[in-house]
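Here are my notes on the model you sent over. Have it open beside you and go through the points one at a time.

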Amino acid sequence: LTTVDGFMVSAMATIEDYAVFRNGAIRIPFLDMLSYSIATILMPALAKLFQQNAKQQIISLKKRIITQSAAILYPPMVFILFFYYPLIVTYLSPKYADSAIIFLIFNLIMFIRINFYQDIPLVAQKNYFIFMTFFVGFLVNIFLNWSLIPIYGNIGAAISTLLSSILTAIMLFTKGLKILDSRF
């Protein structure tokens with residue numbers, strides 16, 4: 001999504017807008033990897049439980065994973081919400097102060113990254129659904145970029161990625177709930 005955003009900002013806006021966008025379109029690497037690392041470690045356990053049709057155990061495990069991921073990720077994310085501007089100015093220099101709002105919007109995605117949403121569809125071998133979900137997210141991202149960049153500039157591109165990511169997460173989470181015969 002970020003690559004598409006960058007391409008569309010470069011095509012629809014100025015070079016300066018593109019530079020501001022690219023410098024702000026970063027996530028905190030350690031935090032970004034943490035939830036996926038946890039999910040990768042637990043995938044074999046989820047697959048084994050799924051083969052045993054132990055849906056309640058999977059739900060219990062997922063609840064603990066999500067809660068613990070939130071406990072680890074949310075405090076630094078709240079810190080970033082409050083100090084995003086000085087962080088970017090310190091990291092990139094005052095020249096790229098306009099990148100701070102892009103950085104803030106991109107890091108809002110981290111609030112939904114406390115869960116690896118495709119793990120349940122993956123162990124249920126719903127690969128086509130996963131592909132189609134990401135494809136729909138990609139198309140929505142293009143449409144939102146096309147709609148929002150002319151109005152909001154590079155901020156529109158960041159908002160597009162945020163909304164597309166939320167849509168993708170909702171679709172995958174909903175499918176996971178259906179597979180597990182569970183509710184939110």
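1. Start with N53: is this residue buried or exposed? N53 counts as exposed because its relative accessibility is 56%; the cut-offs are under 20% relative accessible area for buried, over 50% for exposed and in between for partly exposed, with a 1.4 Å probe and protein chains only. You'll find N53 in the loop between α3 (29–51) and α4. Its phi is positive, about 60°, although N53 is not a glycine. Most residues other than glycine have a negative phi.

2. A word on what you're looking at. This is a predicted model, where local features need pLDDT of at least 70 and side-chain atom pairs count only at pLDDT 80 or more, while totals for chains, interfaces and linings use all residues. Residues are numbered from 1 along each chain as its sequence is written, and side-chain values use heavy atoms, with hydrogens and water left out.

3. S93 has a positive phi too, about 105°, and S93 is not a glycine either. Look for S93 in the loop between α4 and α5. With 26% relative accessibility, S93 counts as partly exposed.

4. Now the overall picture. The chain has eight helices and zero strands; helices are DSSP runs of H or I with at least four residues, strands are runs of E with at least two, and both are numbered from the N terminus. The C-alpha atoms fill a box of roughly 55 × 30 × 25 Å along the principal axes. Of the 184 residues, 42% are buried.

5. Who touches whom along the chain? Take contacts (heavy atoms within 4.5 Å) between residues at least 6 apart in sequence: 75% of these join residues at least 24 apart.

6. Helix α4 (residues 55–92) holds K62. Is K62 buried or exposed? K62 counts as buried, because its relative accessibility is 9%. Beyond its neighbours within four places in sequence, K62 is in contact with L46, N115, F116, D119 and I120.

7. Leaving out residues up to four places away in sequence, I88 touches I26, S93, Y96, S99, A100 and F103. For a distance check, the C-alpha atoms of I88 and D32 are separated by 17 Å, with the two residues 56 apart along the chain.

8. In helix α1 (residues 2–12), the buried residues are T2, V4, D5, G6, M8 and V9. What covers them? The cover includes α2 (15–24), α5 (99–108), α7 (127–152) and α8 (154–179).

9. Two of those helices, α5 and α8, pack with their axes 8 Å apart at an angle of about 5°. Axes here are lines fitted to C-alpha atoms, for helices over the stretch in contact, and angles run from 0 to 180 degrees between N-to-C directions. α5 and α8 are therefore roughly parallel to each other, the label for angles under 35 degrees. On the α5 side, I101, I102, I105, F106 and L108 meet N154, I155, A158, I159, T161 and L162 of α8.

Terms used. Parallel < 35°, antiparallel > 145°, perpendicular 65-115°, else oblique.
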